[in-house]
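Please open the structure in your viewer and keep a selection panel at hand.

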Amino acid sequence: MSRKDLATDLAELEQALQGTSGRQYWRSLDELAGTAAFQKLMRREFPQQADVWPDSLSRRHFLTLMGASLALAGLSGCSVKPAPMGKIVPYVQPPREIVAGEPLFFATAQPLPGGAVGLLVESHMGRPTKIEGNPDHPASGGATSIYHQASILTLYDPDRSQTVTYQGRTRAWTEALATLRTGLEKERDNGGAAVRILSEPILSPSLARQRERLLKSLPKAKWHVYEPLLQDARLEAMRLAFGQNLDCHYAFNKADVVLSLDADFLGSEPGNLRWIADFMSRRRIRTPASDSTQASMNRLYCIETEVTCTGAKADHRLAVRVQDIEGLARAIASKLGVSTAGSSGSAGPHEKWVAAVAKDLEAHRGRVLVLAGNRQPVAVHLLAHAINQHLGNVGQTVFYSRPVTEGPSPRIESLRELADDMRQDRVRLLIVLDANPVYSAPADIKFMDALERVPLRVHLGLYQDETARRCHWHLNEAHFLETWGDARAFDGTATLMQPLIEPLYRGRSAIELVAFLATLQETPGEELVRSRWRDHWNQQTRGPKTDDAFDAFWKTSLHDGVVAGTGFPIRNVALENDWQRHLEPQASASGASSRPGDESFELAFAPDPTVFDGSFANNGWLQECPKPSTTLTWDNAALMSPDTARQLGVELGEYAHGGEHGGFKMPVVELKVEDRSVLAPAWIVPGHADHSITVHFGYGRESAGRVGGQRDQKVGFNAYAMRTSSQPWFVPNVRVTKTDRTHLLACTQQHNLMENRDLVRSASLEKFRQKPDFASEPEKQKEIDETRRAPAPLEFYPPLEPPASTPKWGMVIDLTTCVGCKACVVACQAENNIPVVGKQQVAAGREMHWIRVDRYVGGTAEAPAEFHFQPVPCMHCERAPCEYVCPVEATVHSAEGLNDMVYNRCVGTRFCSNNCSYKVRRFNFFHYADFETGSLRLQYNPDVTVRSRGVMEKCSYCVQRIRHAQIDADREERPIADGEVVTACQAACPAGAIAFGDLSNSASEAAKWRSSPLNYALLEELGTRPRTTYLAAVRNPNPELEGG
Amino acid sequence: MSPAASIKTAEVRQSETSGELRYVPVGHTFASVTEKIAELVLGRATRQAWFVVLAAGTVLLLMFSAVIVYLLAKGTGIWGINVPVGWCFAITSFVWWIGIGHAGTLISAILVLLHQKWRTSINRIAEAMTIFAVMCAGTFPLLHLGRPWFFFWLLPYPNTMKLWPQFRSALVWDVFAVSTYFSVSLMFWYMGMIPDFATLRDRAVQRRWQVVYGMLAMGWRNSARHWHRYQMAYLLLAGLATPLVISVHSVVSSDFAISLEPGWHETVFPPYFVAGALLSGFAMVIALAIPMRHYYGIEDFISVSHLEVMAKILLATSFFTSYGYFSEQFITWISGETYDKYVYLNILIGFRQYAAVTWITLCCVFIAPQLLWIKRFRRNEKVLFVVSVLVLAGMWMERYLLITTSLSRDFLPSSWGIFQPTVWDILTYVGSLGLFIVTFLLFCRFLPMISMCEMRGLLPGARGHEEGR
Amino acid sequence: MPQVFPRAMNILSRASLFGSLLVAALVLWICLVYTRSPYGTAAGVMRVQQVPFSHQHHVGVLGIDCRYCHTTVEHSSFAGIPPTKTCMNCHSQIWVGSEMLEPVRASYQSQKPLQWDRVNNLPGFVYFDHSIHVNKGIGCASCHGRIDEMPFTYQAKSLLMEWCLDCHRHPEREIRPRAEVFNMKYQQPANQLELGRQLMDEYHIANETTLTSCSVCHR
């Protein structure tokens, strides 16, 4: 169709919806769906289902159209135009279960590396708008990570590939399938010897089943698996240690002492929500002041290179180069009497540390946990297994089971083999399922060149990514919220995935495609998944195998979001006797004792804390989410310690617009290994290991999209280019030269020090036992109270007299358990329609996040003693400085003590923000909210006004959720139960570090926390009386290492 | 050129050199005074210089309007402001202009009450300047709004939302303070001109001018009754205006003083702001008077002695201001209040850009005026001019610092940031100068820039008048 | 020298002093009046719909309960506009051939929804919830007027914020027993205020401070 017609149609529609805005606009959804223009457009945009429109409005079809219609409608945020009289269009047949204006929740799961995580998806009038964790799911427990929160944005991402293409030109699915059919039929006779399939590790039982069927029909075809975050060392260690491929499970909730060897298990990797929860369950201090001596915590030792969330929370953190960790591991092992054949490693300068750790581990036999990080060499993994077994942790805190992924294990060999085959023209048909090796394959494999030699290349994926562009055919994949499917969690528990919305662009799932390859005929995904689970059920169930019985099982599984009893059984395994033998080869590699020469720098790789391996690159929420330890946004950088920086002559460059709260023009350094080199802006990270430089994957995309980068405007640099399969995770020696170029890095907090202000109050467990109220400083408190009790001072604040029944909303944030993963930030963004402003605006100090996670460094920037994370939402002060300065009363106190922000009354003087002591207010300096990009509007939460230009905004304690609960309660004439109102940040938090509730109800969780001796208010001396308070951070350092 | 205009007897020069204070235009008669001043408006063909400057001003003014259009189209984001620094150039300029607007009322109101004769030759200019300065000031609070089109929500009127502005907010006080100040100054200015309008009406040759000035004169007939009423009203207005001089800037200062920000939360602000206002106000008067007296050849009306008096006031107010400045620092130091202390250290020995500005400011506002201890400099126009321009610049920077530094480094280091002006910040400020220049030039051309009637009142023969006062 | 102006000008000039003030006041007054007038609020403007549906007939004469069509009014923010199906429940039996009902049948056959002109409407930043009002004893008629007397439906009240506030500040003036909520003909008793206060306690209706918190309606 011609753009022009579309334009005119759009114009017509826009007109039809003119001025309809915000909430009332959602009501007028189907008004639009009626209009002729819309119908015309439907036919063009979605030919496939334009026809379904006239006949029955089955729920999901109805939804698609609804979706499309929304995409074209107009929101005018807080306009004060008299509400226009649009059309109002009712259903013809009311769809079941939809009550206009009431959201619905559906259970599903998101498959990500590390296992699927169960989700509950909130759907408004058929639009999925918000994702929550599924409390019944083992991997989620109700929590979500930034990736799950952000996936809703990917669903509506306008840059998603919307059609099948052949060499860049639009085609229909039928044509694509036809080509495949002929292609495969040709291969049939020789058993598909020239057919290759490349996929990511398979988490989906149904996909696995289809894979088997395919390999049955094409016995000679090969199926390769590749994931960018190579785990060869881990897998190899498993093979050597136990002679089989296993997954390792950790019971952090049972471990008293945890030793992490470069394992960022608290970090923002998708799979570890459960770990965070379990680990923190042992750190929460809820004991009242009276028996503070009973308080107990686990203890975390962490050896790592860059500053990760894990390191930041560690009670003792050792920052060394990646390559030095093996030496330390060996040293610890030998101290524990684990034979470390060959080099026993030496702790070098860290002798004392190692000794103390070994002693501590020894002391807690069976209640200890030792983990090795993905990027550590085989030896370290082996040692970890050995120590765990030696200390009798296996079966206590460590468990083994069959691996979650089915099919071949993701080894780099698999990819190399494929590349070689392609190079020798042994491949005539290659099908890439949702993988992007062209971008992420190690440099030495030269995957792209090999790829070019395959005569027929087909790619299935969400985006027209680097690989897609080099394949003949690109098939647009359906988003996981659009399709039927299933996926296993880390422990094997399977979840059925159900579509929340008809595929916006008629995409298909990998399951459907593989099924087609196997059978050469199309089968709807639902059927495929159903049949897979029908068989499963047939084996499991004892009772009569009737269809109704199965339907019941099916329905419950769908509803609960978990298939009961699919978790893997624990395997009792023991180390092979000769496991030490395998230590030898690596022995030489140990370099702890060798003091790094001044000129030698190590180059360490790591997945990016926000865009991960690059598959999330085109997600604005993740790009703008400040990275936990650097608060950088929209870029990756060469991270280095202050010392290393000094050596390289790198220092903070000239200010970006917002200064420390905006970023710097940083010098660019050239990293060179052999013939490979990249230009990377340098960034100085207090606490980073010296002589080591960390770079993150996931940037420098060439065709990610408008957000993640395109050839002409790249975002960041591509670290994969520096990587080889022989040195997948670190290069011991890299040449670093400072260039005279500079690059703007946008960060939201460069100032690391607290300037001796008691913003984050913390103490050791010991201190807490002696002086439980160290944080609240009673004498100071008393003083404050006195000044308040003084003969009523003249106040700017009129007294509120709400009825006794009115709740007193408040929030308490536990600084001990917050791991700084930023899930709250993205969750808030999703819930409250917070716009993405882009790198330049962040650099100008104008990011819009309602809740931010402040990061402070204890001690000096050169030698940081400890790291702190402090989430800062609006404090909802009872004596709010922002309120009395607003000339139009656009921000006022509600009866429940909420500090209401009334967007439609705000004229934008910014006085409130200036006078906010916590600087939590955010201003729409420009028209940030996106009203133009149709599909993005689908995501907006209809219960929250979309703010327009010139308006102040800030955390509202998710007032829309409060009101919803309140109205429900009021209707039923009962008080709101504790836990009935859950704010978005609280719901997402994997560490359970946020409590929200009615402070006037002493039984409420929040009230309990607030009465804890650890409770204190930020800047309480200002007398703002915040409703958001903090529980001081408590650490559990080893007395032997104290002061050392 | 009329004979009167050329009156400039040896006496005048002599008085200039001898430096004895003589405010009465030397060697003038009732007729000559009137004629000379009226000539400036009616007769005297406009000279090129006037057009040149007007053209320059107009260019700036057009640019100003262009900037405003762009601002309204795009939003306040075109400026360098951010979180934490939510205010900067706009508010700085607002405070600065308002400050300048102070001299006028001070001279006309307070000096009237104090029977300061020397004011007569400059009060008209000062008042005019006040009006225009306040106009410039007025634009900024409007422009800096995120949604300027809702400015009227700051006014109390019975609206359909049943809402009132919040009277606890200093911004609302501003609205009243500034608008009152403006209207009173305007009336004062206009009142004062009525008799002169009548004169012009009667002297005008062309009919259209007769009509125009006639209307402005509102039927003034110089009758004794008129004069009596006129002087009553004038005194009353003076009494009414006097408190305003103090109040307006005190209120403006409370935009900051009522806040919680370190460095803003100061009780010294109101007097300190007023002092600063007078300082910049007088600086502006001097800066304007010096070129004008030459351009219009009115050295005999605005004599060097006049300048000298103003120079003295300049010096005095500079001390007030600096006192406020230092007392602020001192109190902070003695209180030892963490956040305040940090802000001030920051301002003084601080942090990249700000410290430099601080010291420049001090030089302009405090050091430079010290020259005026010396009589020679007080009576030397060039020195005076330079000093007053420096003071004006200094006062602007002082406000800039005051606003920015506090905001950029307040309580939580995590949200510390800085302000960096964009080109739009600068254009907006420079543009407002255009508005001022144009309006002022038009005033010089079409209105009597010196009060004829009051000048006449100073002449020896006018004692009778004197008693009337 | 001849006088420039006639004598009359004196009076004129004096008059102008006060005249200017008067004019200003007048303009303001007109603005305020306009915004409250039907021109500004669209209150009382009848709308001719594609199907001349008469509430007067269905509610007033036939006495059909509001909830028969507006099904979700009691448990959702949105009262609900009846789907064509609801019309056809009856009109597949009665008035089968009627000319007026042609669009309804058409819609039912073609599955194309009917289109009504919106009558009551609020700006996007106002979050009104029918269920809570209905459940707390605010009668339909209180906001929608005597629907049962409207042959063509129109917006009965101004829907201005001041109008909302009147009730949120003094709920007792409007509250009626729950049983009477859907009763169009309900007359307020003489002792309304007394009854209102009593019902407020009974229904646990919050006081003015709570009801006038901004976030009750604006989020």
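**First stop: a buried pair in chain B**

Select Arg379(B) and Glu308(B), which are both buried, where buried means under 20% relative accessible area, exposed over 50% and partly exposed in between (1.4 Å probe, protein chains only). This is a predicted model, in which local features need pLDDT of at least 70 and side-chain atom pairs count only at pLDDT 80 or more, while totals for chains, interfaces and linings use all residues. Residues are numbered from 1 along each chain as its sequence is written, chains are lettered from A and ligands numbered from 1 in the order in which they are written, and side-chain values use heavy atoms, with hydrogens and water left out.

Arg379(B) and Glu308(B) form a salt bridge, with 2.5 Å between the closest N and O atoms; the term stands for a side-chain nitrogen of Lys or Arg within 4 Å of a carboxyl oxygen of Asp or Glu. The pair links distant parts of the chain, 71 residues apart, since Arg379(B) lies in the loop between α15 and α16 (381–408) of chain B and Glu308(B) in helix α12 of chain B. Helices (H or I, at least four residues) and strands (E, at least two) are DSSP runs, numbered from the N terminus.

Is Lys375(B) buried or partly exposed? Lys375(B) has 41% relative accessibility and therefore counts as partly exposed, whereas Glu308(B), at 2%, is buried.

**Second stop: salt bridges in chain A**

Over all chains, a search of the whole structure finds 83 salt bridges. Go next to Arg1035(A) and Glu866(A), which form a salt bridge with their closest N and O atoms 3.4 Å apart. These two residues are 169 residues apart and link distant parts of the chain, with Arg1035(A) in strand β40 (residues 1033–1035) and Glu866(A) in strand β32 (residues 864–872), both of chain A. Arg1035(A) counts as buried because its relative accessibility is 11%, while Glu866(A), at 25%, counts as partly exposed.

Then select Lys130(A), Glu132(A), Glu831(A) and Arg961(A) together, which a network of salt bridges links.

Highlight Thr160(B), Lys162(B) and Met218(B), which supply 43% of the area that chain B buries against chain C, more than any other three residues.

The count between these two chains is 1 salt bridge, and Lys162(B) forms a salt bridge with Asp166(C), the closest N and O atoms being 2.5 Å apart.

Methods:
Buried area is the accessible area (1.4 Å probe) that two parts lose on being put together, summed over both.
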